[in-house]
Amino acid sequence: MKSNKTTCPLDCYDGCSIVYEDGKLKGDKNHLVTKGYLCSKMNKFLKYDRLKSALYNGKKIDLQEALKVLAEKIHQYKNENNIFFTGSGNLGRLQNMPKEFFSKFNFTQCEGSLCDGAGDAGIQEGRGANLIIPPSQIENSEVVVIWGRNIQVSNSHLMPFLKDKKIVVIDPVENTLAKKADLFLKILPRGDYYLALLVSRILYISQNEDIDFIESKTNNFNDFVELFESIPIKKLSQKCDIPLEAAWEFAEMITSKKVTFLVGIAVQKYFIGHFVLRAIDSLAAMLGLFGKGGCGVSFLSNSFYGFKSTIASLPNKTDLPTVDFSKYSFTFIQNSNPLVSMPNSKKIKEGIEKSKFVVYFGLYENETSRLADLVIPAVDFLSKNDIRTTYGHEFIGMMPKLKESECGISEYNLTNYLMQKFFGTNLKSEQEYIAEIVSSNSFTKDGYLASKIYEKIPYSDGFYTDDGKFNFLDEFEDDFEQDFEDDNQYYILTIKNKYSLNSSFKCNNFLYIPPILGYKDEDKVELTSLYGKAEFVVKIDKRLRRDCFLTYSGNAKYNYLTPSICSLKGTCAVFQELKVSMKKVTIQG
Ligand code: SF4
């Protein structure tokens, strides 16, 4: 009997297993992690308005006509400087299929990340490879430290695995979990690095480091000691705005216990983001928390680690966070909304407007599609074959085609059309691409495919570095001005929202500010950063520190404030590397 199971394609930790039945999406009760329920985004997935028709210069055209225009324009610009830009909202591997075609015409692709690249780079420096702690191991922890991650919103299927654990929450926002935690540290944004050093220093003073682990499994611990001793302990406490007593309490809670740190991307959306993850990793390594059940540091993993795919990559690369669309004649944007999701919206908009011909290929109308010359509708995940891995657990998600689509075309079929048109050849079948990925690195666990890397406890056979040992953090530089001389200067955070995935679905464009500032709901304000200005409507949020504001990712205005720069390591956007000032907008007349 044909399976009616599939997997949520969305860029999310949980990678939910789904049953498609009677035209409805339901949670798969048998899946070990996602256990039968779906979030509100997926429950409403089939109700969101989708692009139903192709558009050329704003007028509806037939899909076959649109594909003809696409081929003509590729032919016209084929000898110029062109770019293929794809988003990561859908994590299916066959989303990359158009690279098979564009690689033949020297298109440029973006390298880097709008998400976790800086932290990933820091982890790789210390451990050699970035692996997660599978939920079944988190369940064996005694203490779980949730650091810059709002589990209830962004990783809700992990909640049952946290039952009966001591919980520490470290976050500038007093979220729901923070209210219930055994210890909540309301940290200064950008202070995470300093807190990791402060707690390491306390553990060292109280002689609670794991000497056996340090001697047998790590390099250069003395360099790490020298680093944290080089900053006065009071200064470390000021830099993260965590009182010494609270830092001692935290250190005591994680001493001689099985501890898992669940670290989110919020801690590393800064120029020095890779140092933050390396510092947290070094704190954990000092306590011997790697390679044992119920222990470790879990960030967003490189979930494709160990797998192989033969889908081509493009010959020319440019850094994603600083891409300049104005340099390209033909711009092909797939499944993405760079006008909202990329830093420096003004530069992105001007760049796209200067590009000679812009194609948007995706599921939804958005700010970027409205600038495109040609719009081609895609099909959703139920109407094509694909496969995904996830950065929240070890299972692989199969995504077989379960229904025909009334409109649109898949990435595979669009690529195949172009291959036939230009070269008279066909791609390998979708099943062949998928089988190659599965056979490269999988095993079966409780009836589901999983990554072979997780057959054993991560790092139980050593680290993935050249000598198999962990490399402690041994250097640090930071010239960002943290001390607020000016009262009207604030940090601004971007966090995930329950109802949206970045700029898709139901976006929230409010600016949230603390009550102490004397504003009220619906006031209009203008924020100014070093990089731009934008107006927002205010909502008062009691959960915030007095020195920080909050927006939800996908806020259509936020990126008019952000810098077009890359993190020091990891080619990552640095969405929070800014402070803003605020003034009230007075309505004229
Ligand atoms: S929780 Fe994440 S993976 Fe699960 S259905 Fe929602 S978006 Fe998809």
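**Briefing: Surface Charge, Aromatic Pairing and Backbone Angles**

Lys-506 is found in the loop between strand 25 (504–505) and strand 26 (511–513); helices (H or I, at least four residues) and strands (E, at least two) are DSSP runs, numbered from the N terminus. This is a predicted model, in which local features need pLDDT of at least 70, side-chain atom pairs count only at pLDDT 80 or more, and totals for chains, interfaces and linings use all residues. Residues are numbered from 1 along each chain as its sequence is written, and side-chain values use heavy atoms, with hydrogens and water left out.

**Positive surface patch**

- Lys-506 is exposed because its relative accessible area is 57%; the cut-offs are under 20% for buried, over 50% for exposed, and in between for partly exposed (1.4 Å probe, protein chains only).
- Together, Lys-24, Lys-44, Lys-47 and Lys-506 form a positive surface patch.
- Patches are made of residues with over 30% relative accessible area and no salt bridge, with like charges joined within 9 Å and nonpolar side chains (Val, Leu, Ile, Met, Phe, Trp, Tyr) within 5 Å.
- A salt bridge is a side-chain nitrogen of Lys or Arg within 4 Å of a carboxyl oxygen of Asp or Glu.

**Aromatic pairs**

- Rings of Phe, Tyr and Trp (its six-membered ring) pair if their centres lie within 6.5 Å; planes under 30 degrees apart count as stacked, over 60 as edge-to-face and the rest as tilted.
- By this rule the model contains 44 aromatic pairs.
- Phe-275 and Phe-476 form an edge-to-face pair, at 5.1 Å centre to centre and with 75° between the planes.
- This pair links distant parts of the chain, 201 residues apart: Phe-275 is in helix 13 (residues 273–286), and Phe-476 is in the loop between strand 22 (470–471) and strand 23 (490–495).
- Phe-275 has a relative accessible area of 2% and is therefore buried, whereas Phe-476, at 21% relative accessibility, counts as partly exposed.

**Positive phi values**

- Most residues other than glycine have a negative phi.
- Asn-57 has a positive phi, near 50°, and is found in the loop between strand 4 (54–56) and strand 5 (59–61).
- With a relative accessible area of 53%, Asn-57 is exposed.
- Asn-344 also has a positive phi, near 60°, and lies in the loop between helix 14 (338–341) and helix 15 (345–354).
- Asn-344 is buried, as its relative accessible area is 18%.

**A separation across the model**

- Gln-76 lies in helix 2 (residues 63–77) and counts as partly exposed at 46% relative accessibility.
- Gln-76 and Val-169 are 93 residues apart along the chain, and their C-alpha atoms are separated by 56 Å.

Terms used: Accessible areas come from the Shrake-Rupley method with a 1.4 Å probe; for residues, only the protein chains shown count as cover. Lys and Arg count as positive and Asp and Glu as negative; His and the chain ends are not counted. The place of a charge is taken as NZ of Lys, CZ of Arg, CG of Asp or CD of Glu.
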